[in-house]
Amino acid sequence: MTWMEFSRAVDSGNIQPVYLFTGPEAYGKREAMEKLQAALLPSGLEMLNFSVLEDATAEKILDAVETMPMMCARRLVEVRDWAPLFSGKSKNEDAEVQKILQWLKSPSPTCVLVLNTRNDPDNKKRLTKALSEQGARVEFALLGDADLYKWAAARAKALDCQVSRKAVEKLALAAGRDRTRLAGEIDKLCAYAGKGHEVLPEHVDAIVTPSLEYSVFQLMDQLLNGKMAEAQAALDALVMAGESRIGILAMLTRQLRNLAHTRLAMDEKHLSETQQQLGLKPYPARIAERQARLHPATVYTSLYTACVQADFDIKRGALREQEALNAILMKIFLEFSRKPCNQIPSPPVK
């Protein structure tokens, strides 16, 4: 089930005895645990009726779920990242899983068990299959643009502030879609804009530390605009900040791939369909479209191929990472420095 389906079920009092929380949205998982606590545990008695287990054995889990609640109908047990759910073989895994599977045949009516995972579990594992088949698996996907804007607007409103849709789009690209980080960034942006004011895209540029993806978008813009010195300085800053050169190369490769596909789609008149297939959100899609207009598809495909070759040369030991990345930057700059041709007219700005 989705987070929204889970939320509606809890609100209606339909709470399952066992849940498996999966997906990348850690903020949503915390909200879900808080929702279960509010629904199950009387105020002031949370510590007596809520257990969090890490690196637990099946015996410890069963002891916790069989413990009787204090002054309430059901207690809550959260087991974090239980090893038998993930790839590989954990210690005594078969026996451990068998104990839990046996308990699942008749779970305790006085407890709600949540198996909470930071990384996706192995869907081939027996326990994962059993929990999924019982309908107790809750998927916490990253929010889409519309839902993310609603959430950001609500958080800003609580701080007596407003946030523009374009600012949220830029923030999602600059800081990622993990609401754990975004919550802090929105709080800082509202403080920066001031009470009663609106957070704008330029505020995001001013105070948000950009993600690698966003930094590479900016790096590509500098190269497209013939600013080699600025691009090299930006690259050096990324390396100094701890980003690996191989990671930067991978992001450049991905962006050039997207530019090649975008430009080909523009030429062949199926841009929207291609953007959807590439999984591009509206804001990065608009950036890719703007950048792709500047050169023909052959330029982007040639540079994409060069990045793939550089990655191969690094991994086979023919080139060092630093030399390979600097050479790619120079190649991109020189290719972009040629007179643009075969441009598609830009649509009027709305």
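This is a predicted model: local features need pLDDT of at least 70, side-chain atom pairs count only at pLDDT 80 or more; totals for chains, interfaces and linings use all residues.
Visitor: Okay, what helices and strands does the chain have, and how many?

Guide: The chain has 17 helices and seven strands. Along the principal axes, its C-alpha trace spans about 75 × 55 × 40 Å.

Visitor: How much of the chain is buried?

Guide: Of the 350 residues in the chain, 46% are buried, and a residue is called buried when its relative accessible area is under 20%. The accessible surface of the chain comes to about 18400 Å², and carbon and sulfur atoms account for 53% of that surface.

Visitor: And what share of the contacts comes from residues 24 or more positions apart?

Guide: If you take the contacts with a separation of 6 or more, 77% of them are between residues 24 or more positions apart.

Visitor: Let's zoom in on a helix. Which residues of H6 are buried?

Guide: Helix H6 runs over residues 126-133, and Leu 127, Thr 128, Ala 130 and Leu 131 are buried in it. These residues cover an arc of only 165 degrees around the axis, so they sit on the same side of H6.

Visitor: Why do residues three or four places apart in an α-helix point the same way?

Guide: An α-helix has 3.6 residues a turn, so residues three or four places apart point the same way.

Visitor: What do the buried residues of H6 pack against?

Guide: They pack against strand S1 (18-22), helix H5 (93-104), strand S4 (111-116) and strand S5 (137-139).

Visitor: New topic, charges. How far apart are the mean positions of the positive and negative ones?

Guide: The chain has 46 positive and 44 negative charges, and their mean positions are 3 Å apart.

Visitor: How many salt bridges are there?

Guide: The structure holds 21 salt bridges. One of them joins Arg 179 and Glu 31, with the closest N and O atoms 3.5 Å apart. This pair links distant parts of the chain, as Arg 179 is in helix H9 (residues 179-193) and Glu 31 is in helix H2 (residues 26-40), 148 residues apart.

Visitor: Is Arg 179 buried or exposed?

Guide: Arg 179 is buried, with a relative accessible area of 5%, whereas Glu 31 counts as partly exposed at 24% relative accessibility.

Visitor: Which residue does Glu 54 form a salt bridge with?

Guide: The partner of Glu 54 is Arg 80, and the closest N and O atoms are 3.3 Å apart. This pair also links distant parts of the chain, with Glu 54 in strand S2 (residues 50-54) and Arg 80 in strand S3 (residues 75-80), 26 residues apart. Arg 80 is partly exposed, at a relative accessible area of 36%.

Visitor: And what about Lys 89, which side chain does it meet in a salt bridge?

Guide: The side chain of Lys 89 meets that of Asp 94, at 3.0 Å from N to O. Lys 89 is exposed, with a relative accessible area of 62%, while Asp 94 counts as partly exposed at 45%. Elsewhere, salt bridges that share partners join Glu 25, Glu 31 and Arg 179 into one network.

Visitor: Where is Ser 90?

Guide: Ser 90 lies in the loop between S3 and H5, and at 17% relative accessibility it counts as buried, because the cut-off for buried is under 20%. Leaving aside residues up to four places away in sequence, Ser 90 touches Ala 83 and Pro 84.

Visitor: And Lys 91, buried or exposed?

Guide: Lys 91 is in the loop between S3 and H5, and it counts as exposed at 72% relative accessibility. Between Lys 91 and Thr 253 there are 40 Å in space, C-alpha to C-alpha, and the two are 162 residues apart in sequence.

Visitor: What is phi of Lys 269 near?

Guide: Phi of Lys 269 is near 65 degrees, again a positive value in a residue other than glycine. Lys 269 is in the loop between helix H13 (245-268) and helix H14 (271-278), and it is exposed, with a relative accessible area of 71%.

How values were computed:
Residues are numbered from 1 along each chain as its sequence is written. Side-chain values use heavy atoms; hydrogens and water are left out. Helices (H or I, at least four residues) and strands (E, at least two) are DSSP runs, numbered from the N terminus. Buried means under 20% relative accessible area, exposed over 50%, partly exposed in between (1.4 Å probe, protein chains only). Contact means heavy atoms within 4.5 Å. Accessible areas come from the Shrake-Rupley method with a 1.4 Å probe; for residues, only the protein chains shown count as cover. Lys and Arg count as positive and Asp and Glu as negative; His and the chain ends are not counted. The place of a charge is taken as NZ of Lys, CZ of Arg, CG of Asp or CD of Glu. The arc is that of the directions from the helix axis to the C-beta atoms. A salt bridge is a side-chain nitrogen of Lys or Arg within 4 Å of a carboxyl oxygen of Asp or Glu.
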